[in-house]
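Please look at the sequence and the structure shown below before reading on.

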Amino acid sequence: MRLIFLGPPGSGKGTQAKLLSERLGLCHIATGDLLREAVQLGTPEGRQAQELIAAGQLVPDALVNGMVRARFEQTPRPTRFVMDGYPRNLTQAQFFDDLLRSLGLSLDAVVFLAVNDDEIVQRISARWSCPNSQCKATYNTFTKPPRSPGRCDDCGAALAQRDDDQPATVRQRLQVYHQQTEGLLAYYRRQGLVKDVVGVGDIETIYQNLVAALAPPKP
Ligand SMILES: [Zn+2]
């Protein structure tokens, strides 16, 4: 099976992509991992990406495309895979189509994990962590609240929220996501590839929705 996973930040897309690849024996290709790997290995792409990220800039499509191409040129070449975080926009999608065509591969489906914005904001802004560098305990006000509100159970420090997890920042990230993804979704819908999956519920419930969406229609 050859799949692309799409979904907003905080939708659990990465978790589901990983789960599906583990259970079905597919290659999980996450752009985040490819980037981290390139940075760690100090490849030219890695160094370029590191500088851009440090300067708070976006990694350009050509660089990301290059890393994905390199991944598909590795032996053994991935022939059954789940793409997680790629393609992110139309330019990348067109590059990826050409790449797959040149390898004689085609996509089976594009999974779209749908979660509405309010739910995402609520989920992400529930994350708090202990700023004490010796402790770094993490909390979630819904699923794992601290015993005393705003205080770390382990060391008593006042809990903090990452900038990225604050509601205003989350809304901003979602706006960027929608801008990029609408064109991408339309592109794959025209090809009849999109499988819509409801991304609400616990991990196993969402996984079952996913498996049902991917199952061939009953005759
Ligand atoms: Zn602590």
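## Exposure of C135 and the zinc site

With a relative accessible area of 25%, C135 counts as partly exposed, where buried means under 20%, exposed over 50% and partly exposed in between, for a 1.4 Å probe and protein chains only. C155 is likewise partly exposed, at 35%. The model is predicted, so local features need pLDDT of at least 70 and side-chain atom pairs count only at pLDDT 80 or more, whereas totals for chains, interfaces and linings use all residues. Residues are numbered from 1 along each chain as its sequence is written, and side-chain values use heavy atoms, with hydrogens and water left out.

The zinc ion has as its protein donors the SG atoms of C130, C135, C152 and C155, which lie 2.3 to 2.4 Å from the ion. Donors are N, O and S atoms within 2.8 Å of the metal (3.2 Å for Na, K and Ca), and sites may look incomplete because water is not among the atoms. Along the chain these donors follow the spacing C-x4-C-x16-C-x2-C. C135 lies in the loop between β5 (127-129) and β6 (138-140), and C155 in the loop between β6 and α7 (167-190), so this pair ties together parts that are 20 residues apart in sequence. Helices (H or I, at least four residues) and strands (E, at least two) are DSSP runs, numbered from the N terminus.

The angles among the four donor atoms are 97 to 117°, and the site is tetrahedral, a term used for four donors if all angles lie between 85 and 135 degrees.

## The parallel sheet

Five strands form an open sheet with parallel pairing, in the order β2-β3-β1-β4-β7; two strands pair if DSSP finds at least two bridges between them. Its edge strands, β2 (27-30) and β7 (194-198), each pair on one side only.

Within this sheet, β1 pairs in the parallel sense with β3 over four bridges, and F5 stands opposite D84 in β3. β1 also pairs in the parallel sense with β4 over four bridges, with L6 opposite F112 in β4. Strand β4 (residues 109-114) is in turn joined to β7 by five bridges, and V111 stands opposite K195 in β7. Five of the five residues of β1 are buried: R2, I4 and L6 point one way from the strand, while L3 and F5 point the other way.

## The largest pocket

The largest pocket holds about 1600 Å³ of space. Of the 46 residues that line this pocket, the closest to its centre are P9, K13, G85, R88 and R173. Among the elements that each supply at least two residues of the lining are β1 (2-6), α1 (13-24) and α2 (31-41), while α7 gives the most, with seven residues.

## Backbone features in loops

A cis peptide bond, with omega about -5°, joins T75 and P76, and P76 is found in the loop between α4 and β3 (81-84). The peptide bond from Y86 to P87 is also cis, with omega near -15°, and P87 belongs to the loop between β3 and α5 (90-103).

K136 is not a glycine, although its phi is positive, at about 55°. This residue has its place in the loop between β5 and β6 and is exposed, with a relative accessible area of 59%.

Conventions:
Four donors count as tetrahedral if all angles lie between 85 and 135 degrees; four count as square planar and six as octahedral if opposite donors are over 155 degrees apart and all others between 65 and 115; anything else is irregular. On a 1 Å grid over the protein atoms alone, a cavity is a set of points where a 1.4 Å probe fits but cannot get out, and a pocket is an open set with protein on both sides within 12 Å along at least five of seven lines; lining residues have an atom within 4 Å of a point. Grid points are joined across faces, edges and corners, and a volume is the space filled by probe spheres set on the points.
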